[in-house]
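Open the model in a viewer and keep the selection panel at hand. The tour starts with the whole chain and then moves through selections one at a time.

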Amino acid sequence: MTKRMGALLLTLLLTVSLALTACSSKQEPKEALKTAAANASKLTSYEMSSNFTINELSYKPADESQQDPTMTQFMSMLKDAQFNVTGVYQSEPMQTEMTVSLELKGDMGMTFTIPMVMTAEKLYVKVPSIPFFPIPETVVGKFLELDLKELAEQEGTEWNPDAMDAAKTQKLSNEVMDAVLSEYDQDKFFKNVDVKDAQLPEGVDAKQVVQFSVTNDNVKEAVTVLVTKALPKVLDILSKEEYRDMLQLDQADIDQAKEDLNITEADQSEMSKELDQLKETLTINKFNIDFALDKQDFPVYQKIAADLLITPVDTKDEVKLAFTGSNTYTKINEKAAFKINIPTGENVITMQEFEELMNSSYGY
C-alpha cells in the first residue's frame, strides 16, 4: 500500500468517524428537550430577545347584520400588534435589564417603550410618555424606584427573596417540564426538524431542532394527557416545601386542586364527550412549538406558531386567531454587557415623590 493510499484511507476513516459523531450527538426529541431544560439551570448570563405578534384576529358572526363595529375596531387594532422584549441577565449579583415595547396598529395605532432594571430587591421602571394620559414632564424619562420588600409589606405579605432566586425558579421549571414531557407520546407529539428547514433567525447556530405539535387528530389526547396525567404530577412538584415557600402557596389549596383533578370514570366519559365536541368547534390549522439546541445543548431559541379557527356549534360564528412568538438567547455565560445599568441620582424618583407630583399636577 502506498503512502498516498494510506493517507486517503486515514482521511476517509476520520471523515466517517466525525460524521457518525455528529449524528450520534443528536438525541431523541423528548430526551433532547429534557437535556436542554437541565442545561438551562447552568445559564449564568445571557442576552435575550422575545417577540409576540398577533398575525390574525377576526370575528365573523353567522348573521353579518349582527356585526359589532366596536368589536371590529378593537380586533383591527390588535391585528398585527407586537409585544417585544430585549434584555440582559446575570445571576451573580442578580441583575436584569429589559426594554419592553408594545406596538398597536390600525387607526388608533401607538407604541409604548418601557425600559426596566431589576436587582434582587429593587425594580426600576422608566416612566413613559403615554398619549391620552398626561404625565408631568418632570416625571417622564425618570426611573420609578420600587422597593420589592416594602411592596410586599404594604400588601400584607412576607418578603420572600427566594421568589427572585433564578436558580430555584429554573430548577422548578426543569422539574415541571420533565414531568409534563414524560407523559406525551414521542411518536405522536414530537419530531426532529432539519435545521435547514427550521427558519431560524440569523445568528442562531443550532445543532438540533425539536418540534412539539398538536393537530386536529391528537388534540383530544393532548388535553386528556394534560388534565389526567401531567397536571397531577405538576401539583406534586409544587407540594415540595422548597417550591411552596418560594411561590408562597398554601398546601390546602394544592390539595384542593389535586382533588379537583381526581377524575372518576364518569368524569372521564363526560370529558371525552366534551373533547369530541371541541373537535367540532376548534380547527387547528397549525400549533407548533420549536426548540433549538446549540452544540452545548443549551436552549438558544424557541418559537410558537398557531393558526386556529373557532366555530361554536350553536351559533356558527367564526373567530380566527393566528399568532407567533419567539425567544432567542445569545452570549450565553459571557460577561454581561448592560446598556441601561442601575439608575442613580436625579434619574431616580421614589413612589412617594411620583404620587406627590401626579397629585399636584391634577390639583389634588
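Predicted model: local features only at pLDDT ≥ 70, side-chain atom pairs only at ≥ 80, totals over all residues.

Residues are numbered from 1 along each chain as its sequence is written, and side-chain values use heavy atoms, with hydrogens and water left out.

Switch to the C-alpha trace, which spans about 95 × 60 × 50 Å along its principal axes. Of the 364 residues in the chain, 35% are buried; buried means under 20% relative accessible area, exposed over 50%, and partly exposed in between (1.4 Å probe, protein chains only). Contact means heavy atoms within 4.5 Å. Among contacts between residues at least 6 apart in sequence, 64% join residues at least 24 apart.

Colour by charge next. The chain carries 35 positive and 60 negative side chains, and the centres of the two sets are 11 Å apart. Lys and Arg count as positive and Asp and Glu as negative, with His and the chain ends not counted; each charge is placed at NZ of Lys, CZ of Arg, CG of Asp or CD of Glu.

Now show the cartoon, with 11 helices and 12 strands. Helices (H or I, at least four residues) and strands (E, at least two) are DSSP runs, numbered from the N terminus. An open sheet of 12 strands runs in the order E7-E8-E9-E10-E11-E1-E2-E3-E4-E5-E6-E12, with mixed pairing. Its edge strands are E7 (190–193) and E12 (348–350), each pairing on one side only. Two strands pair if DSSP finds at least two bridges between them.

Select E1 (residues 45–60). On one side, E1 pairs with E2 (residues 82–90) in the antiparallel sense over 9 bridges, and Met48 has Gly87 as its bridge partner in E2. E1 is also joined to E11 (residues 318–330) by 13 bridges, again antiparallel; there, Lys60 stands opposite Glu318.

Stay on E11 and pick Thr328, which lies in this strand. Is Thr328 buried or exposed? Thr328 counts as buried because its relative accessibility is 16%. Leaving out residues up to four places away in sequence, Thr328 touches Glu47, Met48, Ser49, Pro201, Val204, Val300 and Tyr301.

Move to E3 (residues 95–104), which pairs with E4 in the antiparallel sense over 10 bridges. Met98 has Met116 as its bridge partner in E4. E4 (residues 110–119) is joined to E5 (residues 122–126) by 3 antiparallel bridges, and a hairpin connects E4 to E5 through 2 residues. Met116 stands opposite Val125 in E5, and Met118 stands opposite Leu123 in E5.

Finish at Ile130, in the loop between E5 and strand E6 (143–147). Ile130 has a relative accessible area of 28%, so this residue is partly exposed.
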